[in-house]
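This report describes one protein chain for a reader who has not seen it before. It goes from the fold to the core, and then to pairs of side chains.

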Amino acid sequence: MAVGKSAIGHQIAQQLGAPFVDTDVVVVANHGSIAEIFASRGEHAFRELEARAVARAIDDARGTNTVISLGGGAVLDSGTQQLLQHCTVVYLECDADTVAERISRNSGRPLLAGDAMERWKTLFATRRPVYERLADLVIDVRNGSVPDIAHRLEDALRGYTAAATAAVPTPAATKEVEK
């Protein structure tokens, strides 16, 4: 939460000439603001809507190089975790000091009601092991502008793709035998 998923995702998609989908934006477009969903229907209802938006985005992106930005809690859903096994997952690593200013400017985050930084730290402590387990790539977003971070991510993606391609065994040549 507040690490720059949307901004960095949009930037890297632009650099790669790829479509970009922000699942939070999809949920808001279809169901109203996240704060309103939390207030009127609760977190559980939001998580169900979020899981469906993620599943749809991943399904629609199948066979393409689409950049999909997920909300910070989306990965807690076991179905989403299974879907992400077939995707390249990037964990944007950050810390409380880096996000503190962003969080103080945006009071519309329902999960951060009350002492926002303490809530962020608690949520992060719970989510971090999941992020680390699911991640194919980890990008430190504590320093640099959005374009700088996106360029580092692009380089990391190219390296990851090259390594994955090199690791795929080439099928053995077949020899036709005369009968």
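In what order do the elements of the chain run from the N terminus on? The order is α-β-α-α-α-β-α-β-α-α-β-α, and the chain has 8 helices and 4 strands. Helices (H or I, at least four residues) and strands (E, at least two) are DSSP runs, numbered from the N terminus.

The model is predicted: local features need pLDDT of at least 70, side-chain atom pairs count only at pLDDT 80 or more, and totals for chains, interfaces and linings use all residues. Residues are numbered from 1 along each chain as its sequence is written, and side-chain values use heavy atoms, with hydrogens and water left out.

**Surface and core**

The chain has 179 residues, and 35% of them are buried. Buried means under 20% relative accessible area, exposed over 50%, and partly exposed in between (1.4 Å probe, protein chains only). The accessible surface comes to about 10900 Å², with 52% belonging to carbon and sulfur atoms; these areas come from the Shrake-Rupley method with a 1.4 Å probe, and for residues only the protein chains shown count as cover. A contact means heavy atoms within 4.5 Å. Among contacts between residues at least 6 apart in sequence, 70% join residues at least 24 apart.

A nonpolar core is a set of buried Ala, Val, Leu, Ile, Met, Phe, Trp, Tyr and Cys residues joined through side-chain atoms within 4.5 Å. The largest such core has 32 residues, of which V75, L84 and V141 touch the most other members. Elements that give two or more residues to this core include α1 (5-16), α4 (43-61) and α8 (146-167). Its largest share, 5 residues, comes from α7. Leaving aside residues up to four places away in sequence, V75 touches L70, T80, Q81, L84, V130, Y131 and L134. Another core, of 6 residues, lies apart from the largest one and has V27, I37, L49 and A53 among its members.

**Aromatic pairs and cysteines**

Rings of Phe, Tyr and Trp (its six-membered ring) pair if their centres lie within 6.5 Å; planes under 30 degrees apart count as stacked, over 60 as edge-to-face and the rest as tilted. The count comes to 2 aromatic pairs. F38 and F46 form a tilted pair, 5.2 Å centre to centre with 40° between the planes. F38 is buried at 16% relative accessible area, and F46 is buried at 3%. The rings of Y91 and Y131 have centres 5.3 Å apart and planes at 40°, so this pair is tilted. Y91 lies in strand β3 (residues 90-93) and Y131 in helix α7 (residues 116-134), 40 residues apart.

With a disulfide taken as a pair of cysteine sulfur atoms within 2.5 Å, the count is 0. C87 is partly exposed at 26%, while C94 is buried at 4%.

**Salt bridges**

The structure holds 11 salt bridges, each a side-chain nitrogen of Lys or Arg within 4 Å of a carboxyl oxygen of Asp or Glu.

| Salt bridge | N to O distance |
|---|---|
| E50 and R47 | 2.7 Å |
| R62 and D59 | 3.1 Å |
| K121 and E118 | 3.8 Å |

E50 and R47 lie in helix α4, 3 residues apart, and both are buried. R62 is exposed at 56%, whereas D59 is partly exposed at 43%.

A network of salt bridges links E93, D95, R128, E132, D140 and R142. Is E93 buried or exposed? E93 counts as buried, at 18% relative accessibility, and is found in strand β3.
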